[in-house]
There are 4 protein chains.
Amino acid sequence: MSNKIRWGVLGGGGDSLIGVLHRVAASMFDAYQLTGAVFNPDFEANKAFANEIGIPTSRIYKDFDTMVAEELKLAKSERIQVFSVLTPNFLHFPMAKKLLENGFHVICEKPMTMTYAEALELEAIQKQNNNIFALTHTYTGYPMVRQMKKMIEEGVLGDIQKVDVQYYQGWINPIIHDKEKRNTTWRLDPSKSGISCCMGDIGVHAYQMLEFVTGMEVKTILADLNHLYDDNQMDIDGTVLVRLGKYTKGVIRASQIATAEENNFAVAVYGKKGALKWEQENPNYLYHLVDGEPIKTLKPGNVYNSKLSLDGTKLPPGHPEGIFDAMGNIYKGVAKAVRNQPYDKAEFPSMRDGVRGMNFIETSVASHKEGNVWKEL
Amino acid sequence: MSNKIRWGVLGGGGDSLIGVLHRVAASMFDAYQLTGAVFNPDFEANKAFANEIGIPTSRIYKDFDTMVAEELKLAKSERIQVFSVLTPNFLHFPMAKKLLENGFHVICEKPMTMTYAEALELEAIQKQNNNIFALTHTYTGYPMVRQMKKMIEEGVLGDIQKVDVQYYQGWINPIIHDKEKRNTTWRLDPSKSGISCCMGDIGVHAYQMLEFVTGMEVKTILADLNHLYDDNQMDIDGTVLVRLGKYTKGVIRASQIATAEENNFAVAVYGKKGALKWEQENPNYLYHLVDGEPIKTLKPGNVYNSKLSLDGTKLPPGHPEGIFDAMGNIYKGVAKAVRNQPYDKAEFPSMRDGVRGMNFIETSVASHKEGNVWKEL
Amino acid sequence: MSNKIRWGVLGGGGDSLIGVLHRVAASMFDAYQLTGAVFNPDFEANKAFANEIGIPTSRIYKDFDTMVAEELKLAKSERIQVFSVLTPNFLHFPMAKKLLENGFHVICEKPMTMTYAEALELEAIQKQNNNIFALTHTYTGYPMVRQMKKMIEEGVLGDIQKVDVQYYQGWINPIIHDKEKRNTTWRLDPSKSGISCCMGDIGVHAYQMLEFVTGMEVKTILADLNHLYDDNQMDIDGTVLVRLGKYTKGVIRASQIATAEENNFAVAVYGKKGALKWEQENPNYLYHLVDGEPIKTLKPGNVYNSKLSLDGTKLPPGHPEGIFDAMGNIYKGVAKAVRNQPYDKAEFPSMRDGVRGMNFIETSVASHKEGNVWKEL
Amino acid sequence: MSNKIRWGVLGGGGDSLIGVLHRVAASMFDAYQLTGAVFNPDFEANKAFANEIGIPTSRIYKDFDTMVAEELKLAKSERIQVFSVLTPNFLHFPMAKKLLENGFHVICEKPMTMTYAEALELEAIQKQNNNIFALTHTYTGYPMVRQMKKMIEEGVLGDIQKVDVQYYQGWINPIIHDKEKRNTTWRLDPSKSGISCCMGDIGVHAYQMLEFVTGMEVKTILADLNHLYDDNQMDIDGTVLVRLGKYTKGVIRASQIATAEENNFAVAVYGKKGALKWEQENPNYLYHLVDGEPIKTLKPGNVYNSKLSLDGTKLPPGHPEGIFDAMGNIYKGVAKAVRNQPYDKAEFPSMRDGVRGMNFIETSVASHKEGNVWKEL
């Protein structure tokens, strides 16, 4: 009898890239068994996809509600333990809510909810039910991001005095300059993607990363967002001034009209004793700067890395791992939690990241709309 | 009923890193079902490992011969279709041989055999049986290596006039200077690793890569190998002059005493019309140089890449993929072959690469021993 | 009889690094003859330094006023034509003023003046007298910065939609955390360095670069500056939101407590048709990004560069030039202007850059002090 | 009266780039006064050029022999002290010879002579006359090359076990494929450039660098050179196996048909205790690798650098210096020697480098012609 974790998937069927990402990640440490799913709202397509990827159709359900109802009829030892929610954004909240209420653990794609209010509600439910909840801010699964966090935690940088996070993409550029495209893309439609495009999609990654690696909280923000055409005023670019303490300031910069940038996400943290810098497109390098010393470049898998970082590297130094491996590390952490094994809180982002992230998104938009004023988070 | 390919694994149990690599790769495109295995020579450990990774023990066999015998008793529709051979080097040949003789397809770790003679024998067997055989020169699975191959094939570089391949590692440095270690490491023991250490392990990767990307054959070589202590004369470093045509010369450089290098494998090809350069530690960049033009840097997943390259990228541009993904691409290619789907020969290295590689290794050693003389391949 | 430009120097004696920089720059194209100087307020030291660097002492004067008076007595054909003002900051204005009033051309170190009011006064004087005035924002002399400017001018990027300039240094970090040092360093003393440290010293470089490369003007700014100890509230860090047009936004980021950064000055400009990026510490690379195309890396001296860029490269491609060469290019441009030869306005920063820069500095401080509010420039 | 060194120049007039390089270098530390010259074989052009660059024509001579004769008539305190020989290659030897015989110091462009025999003759003359002789292997003047040398000298790498030097250019590519061009370019004409093109021009730089940084001597070499058309068999590419000791091997790789490479000169040295790597096109970075430690990147001007390295940096860290600055450092060293001040032998390449270099060139060609055989140097 397999001792794998029984895993259910919502969404992610057909050509879904996110579906591939989660399936590969779940397979990476032999911990999960894909046991049931609603990949697709169309039942036939749903079953066909199950066949295509080679899993039994016995627990492929016609819809989410049926799935929950049927799984609850099964003995706990048979029942799916963890669900991954990969559906369109507006479904994240109702699905996660129902799953948590019914005792399932949840791995949820970002954004966690459509509003901050929903996020608070979800948090309350989780606290009551005490389930495991992981939000896939995938980049935190990279070994060198984990190493950065641990070094800061250990005081390698001393007091933090400056933070700077950039998340620049260019993919909206070819869309935004075409009137039809910009008014039909779901990302730019608030009813489908929430009140923010750029901050909601990537600014929030930058924000979460900042809090993740520093272990500090952003207290107040002042945002200046941008759009290029008045017929679509969703933010596609923005700069957010942030304060984490009386003397700890910084900036979050995000753009989807940074033409031809692919996924240029970079974080720099400067402390009294040194600095650490990391870039997502070259994720296997961590730069450590100290006054009057040569720059040190750390790489995954080496003995000088922390236990947390090393736990996220599968091969010897010099064999690059990427985004699938980062997501795999997050699944690995969730598996430990599900199995009641010891794990580090840093192994996967939590409900708290989701709640704070939704607050950040809404507060950014409010700060901008009110004339670029400081707002507390 | 799953339509996944029935997949068997030989070796790769316990803490084996190569085992993880192959399992993740096989899972990447939902094409393989791990159906049976001999992970370990110890039957109990073998079954325990199956439990640990959550697969049924019904087709976990006590040894290789039993496995083959038992599988052959099954109906073709139940029988394992492809075996991955991940055992110690000296077992690659006998296992692959028996598998091919009995009609199984084979994915074989490198080196294919211990000797060139064995390689020729294996080739003959495959030709007779017409099975699929893939040799895991994993690096050829990287999207930008594939792109390099296709661009050269399409004539982007014109006639090739210079090739330069480097494979520098430093991992033997801490071993070689310790008398006990250097005389107990299996890699430095010819009875376990064959007549060559450096050329056999990594020089051959460099050689295969050169022929893979250029589509040309190395005709003659002159090798100068090196060791550091006379009590262990296995090559741990070497430079090989190569000629691919009357006016096409180059060099293969490999070392395991390039202190502190991790896996610094790099290939440069210069033609009449331009150059292409790629580095394994930053695998998502391909540099295209043309006289009098800005340097062009190509990245995976972009529209300008070839079909073959794009087939090996799972996410949009800017999301780094790594060595697991490269191996996943090789498994993807083999799956197409097994399923009789159309595929590009470049999707996985073949028996021919193995035969030529073994020839390269033996000829390098001979060239060196005979006083650094030219030898035909 | 030499046809070199007669050149006078104020300041820059002894161990002055800026003195070396200007002398080398002036020598670079054989255009200037160091004819007279007041290197040092101490007359003996002044003459000794002249001896040390091997120039005649006949026109080494005891002080600035004497120098002007004596030079004015000489025939125009003998008189110094251009003065370089390398004295402490507070002397820039009175010296430049007197020089311009008396018909001399001026090359002035940055900051041009201590206040915006002085800058406006100086501008008025120059307009009246019609002299040549160059402000040494040296970085604009780099060939690839010039190339960036020309490409944007020619429309290669289309409409600009996003700008981001960073200037990060860490040199104040070891000073700021030491109470005695932070209260004795001239840079942190407003009476010696003006009302701003970080914005005045490097923020203004970032600002000038932004306007230089884009050819656009910053209309409004909102600044958030920072200090670390209340006993010294000079800004040592700051982020400035900028708007260059209704839909053209961006950010200037400057810090002197970005621990262990050396001189990490970088500029990125994103337009509808592409992006250009440049970094001062690797000045010989210019990155050109276009949606769906490989990244192009331009390097100095190549045929694809503009005339202006090529004019600033002395050797064939692949021979790195640096900051001395950038300053040399500025001197080359000034020489053309002095000799009434045709030149491009972009060959050296002008009075206008100085006036706008002083405005930027004072407005940044005001924006910050008034609670991070938008201010017009 | 100026205490500058009286400096004479042979060649380097008109559009000569090498002339600019030497004049700027000589001016860099205020040590040299350009006192006399024969810039050009045409006396009128010669004087016109002197006027153009603003030096008196009183000591511009009609030819080299006149110059030597006239200068010898002057009192020692007036006479030119150091000559820079920038004439076409075939003139280096006769000019340097006569200068040394007559008591002048010499800075000589590379190649020192046309043949090894001439080099030996020149060495004998210098020994007799005891003059200062510097050969402008300019790259050794870079601060990080000097740092590399000093670190190896101090034992930071331990015993050297592997060396690898690359010098790849592509500039001959557009020439070599054009029959007329390849048979009219002086570089490819043995009567003008000596018996070797690639080895003589750049291979020798790589060789000298290897011996410079390691402080070791290459004992034996085996060369494989290349040409692309039989109607011009000058080497334009080549790989040279080198041995510096029983267990110290390596390779020198040089090419002028590495299409579109600019000046890709790189040196890597691997020792028992670590490795150092440097690249000419990014000269301000030195990489120090040690087993199990983060990679260290050293940059110029920092306190951790050696005295010799720091002596070659004029500005604070983060202000890139380039090839002109490297040549300036060589002139600075020569100035110290001329003035009998203490200096480090590593401040400028010497006669010995020239002699060994000519031997390397001739021996490479011989090794190749005799069938790629080992030859002693």
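Analyst: Let's start with the word "contact": two residues are in contact when they have heavy atoms within 4.5 Å of each other. A quick note on the model: it is predicted, so local features need pLDDT of at least 70, side-chain atom pairs count only at pLDDT 80 or more, and totals for chains, interfaces and linings use all residues. Residues are numbered from 1 along each chain as its sequence is written, chains are lettered from A and ligands numbered from 1 in the order in which they are written, and side-chain values use heavy atoms, leaving out hydrogens and water.

Okay, on to the meeting itself. On chain C, 49 residues are in contact with 49 residues of chain A. And 100% of the interface residues of chain C are also interface residues in chain A, so the copies meet through the same surface.

How are the two copies placed?

Between chain C and chain A that comes to about 3,700 Å², with carbon and sulfur atoms giving 47%. C:Gln161, C:Lys162 and C:Tyr247 supply 16% of what chain C buries against chain A, more than any other three residues.

Now for the charged pairs. A salt bridge is a side-chain nitrogen of Lys or Arg within 4 Å of a carboxyl oxygen of Asp or Glu, and there are 12 salt bridges between chain C and chain A. C:Lys246 makes one of them with A:Asp230, where the closest N and O atoms are 2.8 Å apart.

Which parts of chain C do the touching? Elements giving two or more residues to this side include strand S6 (160-168), helix H7 (173-176) and strand S8 (237-245) of chain C (helices are DSSP runs of H or I with at least four residues, strands are E runs of at least two, numbered from the N terminus).

Technical notes: Buried area is the accessible area (1.4 Å probe) that two parts lose on being put together, summed over both.
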